[in-house]
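Welcome! Have a look at the sequence and the model below, and then we can walk through them together.

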There are 2 protein chains.
Amino acid sequence: MSLKPEDFSCPLPLTAHDTVQLAHGSGGRLTAELVDKFFLPRFANPTLARLEDQAVLDCPAGRLAFTTDTFVVDPLFFPGGSIGELAVNGTVNDVAMGGARPLWLSAAFVIEEGLPLAVLHAVLLAMEKAAQAAGVSIVTGDTKVVQKGACDKLFINTTGLGVVPDGINLSAANLQPGDAVLLSGTIADHGLAILTCREGLSFESRIESDTAALYGLVAVVLAVCPEMRAMRDPTRGGVATTLNEFAKSSGMGIMLREEAIPVRPAVRAACEVLGIDPLYVANEGKLVAVVPAAQAETVLAAMRAHPLGRHAVRLGEVTAKNPGLVAMRTALGTHRIIDMPVGEQLPRIC
Amino acid sequence: MSLKPEDFSCPLPLTAHDTVQLAHGSGGRLTAELVDKFFLPRFANPTLARLEDQAVLDCPAGRLAFTTDTFVVDPLFFPGGSIGELAVNGTVNDVAMGGARPLWLSAAFVIEEGLPLAVLHAVLLAMEKAAQAAGVSIVTGDTKVVQKGACDKLFINTTGLGVVPDGINLSAANLQPGDAVLLSGTIADHGLAILTCREGLSFESRIESDTAALYGLVAVVLAVCPEMRAMRDPTRGGVATTLNEFAKSSGMGIMLREEAIPVRPAVRAACEVLGIDPLYVANEGKLVAVVPAAQAETVLAAMRAHPLGRHAVRLGEVTAKNPGLVAMRTALGTHRIIDMPVGEQLPRIC
């Protein structure tokens, strides 16, 4: 899709006929070759290079954030990224949303027999770059190969570990009436990039995934507001789902202002054509933060000074009214309930 | 396969028509229902119950063992266990092979649309029991649903964390000439159980998987021999692959005695009929340990006193001769090289 020739630059002479075979997952010689020639050069670090059955990590005393995600996105490459960036950034972000500094990742691959090795290589390159950008090391891994038809191309699980700084206690249960609900930028970019690419739709402006590692932005925000209540990245189910989770966990209401919601014009146009509400579409490089009202402007200014938060907005506020519900004051002045999504409009977007 | 009616006892009235739908992976209301009704009751613990995007763990200072594995076994249920037990025990064992006490697991599910909810429930029950038996908590998770045909029924990734005690330093690189190579019991049970079940073969005695959590045995062994050099569980690729990894990492040779290798009669008979060498077949409840020769008898005695090590044997020894190679003195007195497997004789056994 957005695969470029340079993505295939590879230490091995590879053709389209060089594919992953069942024996690459046997645990034997071909598995060792795959690890030596494809995985280790990309994820080089002393812990992984030991090639034991487990990474041994020197860990400070304190609180660890631990989170897992499997990536099954289809297609593997899409405007703005690939399953490789998603697999690193998605898990790094779930660590970061706990206020933790992401340090280590595991990576486990399920590969369909017949996947071109050049495709695997391009995905690993994307993971390498994303891990470097996010400041994390991939320290342990696993590879399984299943027969043709038993999985669709490639699934990647990453599990992340990070260290939660003292004094930071983020939880959806912390919300208080009057708190401000902030959003770090435009919504629905990732989901629409996948959808338009998958369906072969094109709009005047290219819609690109927003996949990014958010810890840099998190660190800036926590530095100015350690009293932060909660933070979450609105991936599957979009901002609507994240806010509903916040409302449910805290027993508070949330009131949004429709005109505050930032949506790129191309994304808004695509959503209108397709009949999709951007509030329910996945993002991969955005965060929703709830902060005490008194800190809202300071945090917004800090977000906007960071490249990943330039379009940050104050989306709404936490209310004692309507406990457990998310509502929106529309541009017309009416109110509507923003419910949890029931169906699945966009499967396999991450 | 070996699903029994009581495996389907479920808090919900389920029929074969109640299946997993794409919307169960949307992140929305059906995902929340699946988590509330199926996952949380099985893996109940305060960390998971917070339902944040990450588990926050109170961790002692020191060394952590961190390991990942995705389970794609086919069929999901087989004599002696299911993908549920494997997913817990397999990762717990990779943690334990580092000498670490397993404490926490993540669990990430990729489910094929249309999987009966009763099957998912039976797998979760198996995971619950296995986690209790192994003394670990499943503290964070993820669920993806892919459309029919995009994966075969159910894949489970588990990633494990454990604490390595001070003074324990296990590594395949540690082997010294003269060290004894010990094996905790009979080999090839798991791989043959899967194969005979999958192919519909039956032998006089039923062949059952040996899936088990090995930390109890590890703790006993480390207590009598903290100078242990290395430990590994011979899963994919079998004992032959594990020993080749040991030889390659340490630059030592390994010499086995054929008559020492313990194989159950039914497994041996099945291997002969099928033309399979049991040394290359996966185990899921055995460990290979390398210890200084002076400790070998003490460790063997400790293993044999533990239910999971009753059939432990001294398999051979580490040699300065033949660096990087594994050889075997056969019952006839000849020698042969035990190489890494090249092909894949038994795909999807774990």
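## A bridge between two chains

Asp53(B) forms a salt bridge with Arg232(A), and their closest N and O atoms are 3.8 Å apart. A salt bridge here is a side-chain nitrogen of Lys or Arg within 4 Å of a carboxyl oxygen of Asp or Glu. Arg232(A) also forms a salt bridge with Glu52(B), where the closest N and O atoms are 2.7 Å apart. Arg232(A) lies in strand 9 (residues 230-232) of chain A, while Glu52(B) sits in the loop between helix 2 (46-49) and strand 1 (55-59) of chain B, so this pair joins two chains. Helices (H or I, at least four residues) and strands (E, at least two) are DSSP runs, numbered from the N terminus. Both Arg232(A) and Glu52(B) are buried, a word that stands for under 20% relative accessible area, with exposed meaning over 50% and partly exposed in between (1.4 Å probe, protein chains only).

Before going further, a word on what you are looking at. This is a predicted model, in which local features need pLDDT of at least 70 and side-chain atom pairs count only at pLDDT 80 or more, while totals for chains, interfaces and linings use all residues. Residues are numbered from 1 along each chain as its sequence is written, chains are lettered from A and ligands numbered from 1 in the order in which they are written, and side-chain values use heavy atoms, with hydrogens and water left out.

## Where the chains meet

How many residues does the contact take from chain A and from chain B? It takes 80 residues from chain A and 80 residues from chain B, with contact meaning heavy atoms within 4.5 Å. The size of an interface is often given as the accessible area lost when the parts come together. Chain A and chain B bury about 6,000 Å² between them, and 52% of it is on carbon and sulfur atoms. Buried area is the accessible area (1.4 Å probe) that two parts lose on being put together, summed over both. In chain A, Asp53(A), Phe66(A) and Arg236(A) lose the most area to chain B, together 13% of what that side buries.

Between chain A and chain B there are 12 salt bridges. The interface of chain A and chain B also has 40 residue pairs in polar contact (both at pLDDT 80 or more). A polar contact is a pair of N or O atoms within 3.5 Å; within protein, one must be able to donate a hydrogen and the other to accept it, and residues adjacent in sequence count only if both atoms are side-chain atoms. Several elements give two or more residues to the side of chain A that touches chain B, among them helix 1 (29-42), strand 6 (137-146) and helix 7 (238-250) of chain A. Strand 2 of chain A gives the most to that side, with 9 residues.

Over all chains, a search of the whole structure finds 42 salt bridges. In one of them, Arg232(B) pairs with Glu245(B), the closest N and O atoms being 2.7 Å apart. Arg232(B) belongs to strand 9 (residues 230-232) of chain B and Glu245(B) to helix 7 (residues 238-250) of chain B, so the pair ties together parts that are 13 residues apart in sequence. Arg232(B) is buried, with a relative accessible area of 3%, whereas Glu245(B) is partly exposed at 24%.

Arg257(B) and Glu259(B) meet through their side chains in a salt bridge (3.8 Å, N to O). Arg257(B) is partly exposed, with a relative accessible area of 31%, and Glu259(B) is exposed, with 54%. Elsewhere, salt bridges that share partners join Glu52(A), Asp53(A), Arg232(B) and Glu245(B) into one network.

## Two domains in chain A

Chain A is divided into domain 1 (5-164) and domain 2 (172-337), with bounds that come from an automatic or database domain assignment. The C-alpha centres of these two domains of chain A lie 29 Å apart. Their contact takes 21 residues from domain 1 of chain A and 21 residues from domain 2 of chain A. Together, the two domains of chain A bury about 1,700 Å² between them, 64% of it on carbon and sulfur atoms. Across this interface the rule finds 0 salt bridges, but there are 5 residue pairs in polar contact (both at pLDDT 80 or more).

Helix 3 of chain A gives the most to the side of domain 1 of chain A that touches domain 2 of chain A, with 8 residues. Of the 14 residues of helix 3 of chain A, 13 are buried, so this helix is largely enclosed by the rest of the structure.
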